[in-house]
Amino acid sequence: MSPAYKLNPEQLKAVEHGEGPLLIIAGPGSGKTRVITQRIVHLLTGAGGAAEEPALLSDFKTPTAHGWDPDGAGQAARATPGHWEVSSGAGVLAENILALTFTEKAAREMQRRVREALPEIETLPHISTFHAFCYEVLRKRHFERTLLDKVDVWIFLRQRMESLELEFYQKLAEPGAFLHSLNDFFSRCQDELIEPADFERYAEAMDRNFQAIAPSLDAAERALMQQDIQKKQELARVFRNSRKLIEEAGSSSLGSLIPETVRLFDREPEVLESYRQLFCYVLVDEFQDTNYAQVELLKRLVKPPYNITAVGDDDQAIYRFRGASHGAFKMFDQAFPQHETVFLDTNFRSTQRILRAADVLIAKNDRYEAKPQLRTSREEGTPVYLLQSPDFLSEAAWIADEVARLTQHGTAPGDIAVLYRAHGYRDLLVEQFRRRKIPFAIRGLSILSTIILRDLMAYLNIIHSAHDNVSLTRVLLTPRWNFPEDMALEARQQALRDRCSLYDVLESWEKSATSNRLEGTGWPDLQRLLRELHKYAEYAPVLAVLQRLIGRLELSFLPQDPDGSYVEAFRKFLEKWVGKSESWKLDAFLEYFAYFREAGGQIEAPEPENSANAVQMMSVHAAKGLEFPVVFILSVASRRFPHTEQKPVIEFPEALRKGPPPPANIHEQEERRLLYVGLTRAEDRLYVSSVAKPAKKPSVFISDLTSNPAVEASDLARIQVPEAPPETVGAPRAEALPPERPSAPKPQGSLFGDAAGAPGIYPPIHEWASRTSAIRPEEKLHLSASALETYDTCPQKFMFSHYLKIPTGPQPALTFGNIMHQCARRYFELRRQGPVKFEQLQAHFEQIWKSAGFEDDYQEQAYKKAGLEQLRVFVSRHESVTVLPLAAEAHFALDLADVVLEGRIDQINPLTDHSVELVDYKTGRPPSQKDADKSLQLSVYALAARDQMQLNPARLTFYSLTNNEAVRTVRTPKDLDLVVREIREVAAQIRQRLFPPNPGFACKYCDYVLICPAHEESF
Ligand code: SF4
């Protein structure tokens, strides 16, 4: 056998391995993909990877499209059941080889390489993902099924919430809040081959145990355990119900494919036998990412002499969040104890210094036994640079300077990669690259955050409903419509005053006989466009609506323009949706799309085409499998790398685990592997950037890297990064702003203004969102407690709502809260006339109920049910109350010189000593004692009661209507002085017009996402 490819002895050993199980532990850069491909080629040709003698090409032809046919004639040729010859010089039939991997991209790459090695091959072996393989197996036994990915499952269940019968795992304001956690939990069960019936048995056993010990428990312990069991019972019920719903709809979740296939093989041994006969050789790439269910599938698929080849590297197992097990190789050892092991420990990629540094890091992990250290014949190379920056801005500025220096000295930008743990960490560096005009390309971007997509979505929203104020605000900002911002502000203020939409105001202005104020703006053209497309959307498919919109806006893109590829990706997304949806119209799509966003769906942007001339920026996860001459690892800092662990909301019970138990520090170990993957992407030059204030501890991984004195002395070079000068922060952008004052009518070359590609098509969101008019020093600021709280949560949101006065639609939690407040007030009005029955309050509740703002009927009914139950308890809890309120909804406007504090106190109750209790009713999550103690709202109430109403607020109470419990607190005069100081500080920031966005958890509930600069990538 004379291999046509240069393989080193270990690679050759792996490629030419004969029969029996084989485990190939392949370190980074050791030629893993080449080895697995060559092994396939070797099996096909019976020679060591050479295609010189393409033995019996006719052997590679099969009558099937997929290269395998368990039911047909394809298996006839050379596969003698139970025994297959290798190395005979004739090779194995393509259809007798199964190669499995995890992503479509990896499968395609493997196919490409085999075809490249054997260009004349007519039928490839079966090379696919685990999921695609199982889908094919199931398709042969079942009816056609639609496959639902994670986001699809979320949307599917969200649309059928009432059938899930949720109790503990439901949130009124956000009905789908627990669906991800539930689905993650069910996926976890599927990865461990746990069926709904198994989980039911587990919950029943728990209940039996509890019943046996319940008499010996105290009340608190009993209640806690009982609730835990009820939660498990609910999980069991929802697991079964969701499975049933999906199956009844003729679908399967991706996660269920593997357990379903295992079940099929167990139930119908003859089916399994046909596959075992067919696939003489099974190869699995990236074996470290397999889970228990996948290993069980493989165990079934191979039979003596167990011709399975598993290739992977336990040090590069970084996909636990996608269901990978931490103990894949241990399971392989147990399943195939007689296996041979080949270590591919020659690294062809990195310099010696890079490898030694990487080895010091990974040595801190639990690793596969007897693993040799990586070696290389490459040179020592430059040291690994360990940057130490005092803050993230200094880090970004230094790295950008260094990249500029490297490119000036001849390194191609495309040879440089910047890797980060999370996408949000790159923003400062992006800004620094921009300032230095360094070209960069970001991999893994979602097109949903691009300006062009956000614009198109805003148009589609207002084509469907012109009363969507936020979308119309965005569209009006586009220079094309020549709509002055001061006029837009006036319209928004009127909309708030008149409680109507922005569109209504503009329409009324247009109809007004006395006013021509819209003259010179593009409003008439925009309105015509909206009307035309709204009519069109009533019967035309959404794709046609998009097409017409693009045509009417005269958008056309040059081949190099990334916007063109984003629009194309969106078009494909729409096509896919049309394929799986029962409708193809705009309204149905927008409903789906709202769920898609809520479910966390993303549409990945295509890889930039001209990225060879740009610095490559990507997450470390995305870099797996790639290599670059120069690598920067960004922000190896405390809480960033290692990333803070997020425990699952619903823990998988240890008692049900079938695979090996995880180590206690599994999260840290996985993060360390991730950094190891990052380090080993570097060929020649590696920078590891740590950020910590001088006195603070660096990331634990920096301590790991420097833990070997010999390696530190010979292979690492520390660089102290100086603090970046303040002028490097936040340069203004030079983009067009809409005029402050109406400008003269613009001569228009077309019906809708500027031609495609002209700067007039994009709204200058960043500038607009940071531009406000000055507040005159003598002007008093009118602030409420909720406005102050909004500022505290996100100053940008405060600006949108209180400054730019952008009206939003009704929100379910607010609608519900309003109704419940009215009911509480009504209760005390009725009490003045005598005892109150629940039915009286119920009648009031029904009478004032409004459907405005609820996401759907399910949410509305859930709120209604909860509201009535809460009122029933409210009535019974208040039966014995004898003292009635002094006042309800007491309005105040407290003048604090430069600020007027405004608001209403829900209820004022008299106390025995002439003091009062101020009550604030709460709906939603019941407030804690800490919430009450820290509440700005209660402080503001106390201030107003004391200083304006001349009362003595001795007690402040949050009364939760959700659980009908009160939480009480007090404020001392000193507390109130402090609050006044805090309010003045906020007022000063507002006067300075400091409105930075504060992206985070609150964005989930924010109506302004579509116009918020923090959610917009301006590349
Ligand atoms: S989307 Fe987030 S960052 Fe933007 S305004 Fe809303 S809360 Fe603030």
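Predicted model: local features only at pLDDT ≥ 70, side-chain atom pairs only at ≥ 80, totals over all residues.

Me: With which residue does glutamate 268 form a salt bridge?

Reply: The general idea is that side chains of opposite charge can pair when their charged atoms come close. In this case, the partner of glutamate 268 is arginine 267, and the closest N and O atoms are 3.8 Å apart.

Me: How many salt bridges does a search of the whole structure find?

Reply: The search finds 77 salt bridges. One of them joins lysine 371 to aspartate 313, with 2.4 Å between the closest N and O atoms. Lysine 371 lies in the loop between helix H14 and strand E9, whereas aspartate 313 lies in the loop between strand E7 and helix H13, so the pair ties together parts that are 58 residues apart in sequence.

Me: Are lysine 371 and aspartate 313 buried or exposed?

Reply: Lysine 371 counts as buried, at 19% relative accessibility. Aspartate 313 also counts as buried, at 2%. Both residues belong to a network of salt bridges that links Asp313, Asp314, Asp315, Arg367 and Lys371.

Me: Which residue forms a salt bridge with glutamate 869?

Reply: Glutamate 869 pairs with arginine 872, and their closest N and O atoms are 3.7 Å apart. The two residues are three residues apart in helix H34, which means that about one helical turn separates them. Glutamate 869 is partly exposed, at 43% relative accessibility. Arginine 872 is likewise partly exposed, with a relative accessible area of 43%.

Me: Let us turn to helix packing. At what angle do H20 and H21 pack?

Reply: Helix H20, residues 502-511, and helix H21, residues 523-539, pack at an angle of about 120°. Their axes are 12 Å apart. An angle of 65 to 115 degrees would count as roughly perpendicular and one over 145 as roughly antiparallel, so H20 and H21 are oblique to each other. The crossing of H20 and H21 is left-handed.

Me: Which residues of H20 and H21 meet?

Reply: From H20 come Tyr503, Leu506, Glu507 and Glu510. They meet Trp523, Pro524, Gln527 and Arg531 in H21. Sorted by class, this contact has four nonpolar, one polar and three charged residues.

Definitions and conventions. Residues numbered from 1 in each chain as written. Heavy atoms only, no water. Axes fitted to C-alpha atoms, helices over the stretch in contact; angles between N-to-C directions. Helix = DSSP H or I, 4+ residues; strand = E, 2+ residues; numbered from the N terminus. Parallel < 35°, antiparallel > 145°, perpendicular 65-115°, else oblique. Left-handed = near helix turned anticlockwise from the far one by under 90°. Contact = heavy atoms within 4.5 Å. Nonpolar A, V, L, I, M, F, W, Y, C, P; charged D, E, K, R; others polar. Salt bridge = Lys/Arg side-chain N within 4 Å of Asp/Glu carboxyl O. Buried < 20%, exposed > 50% of the residue type's maximum accessible area, 1.4 Å probe, protein only.
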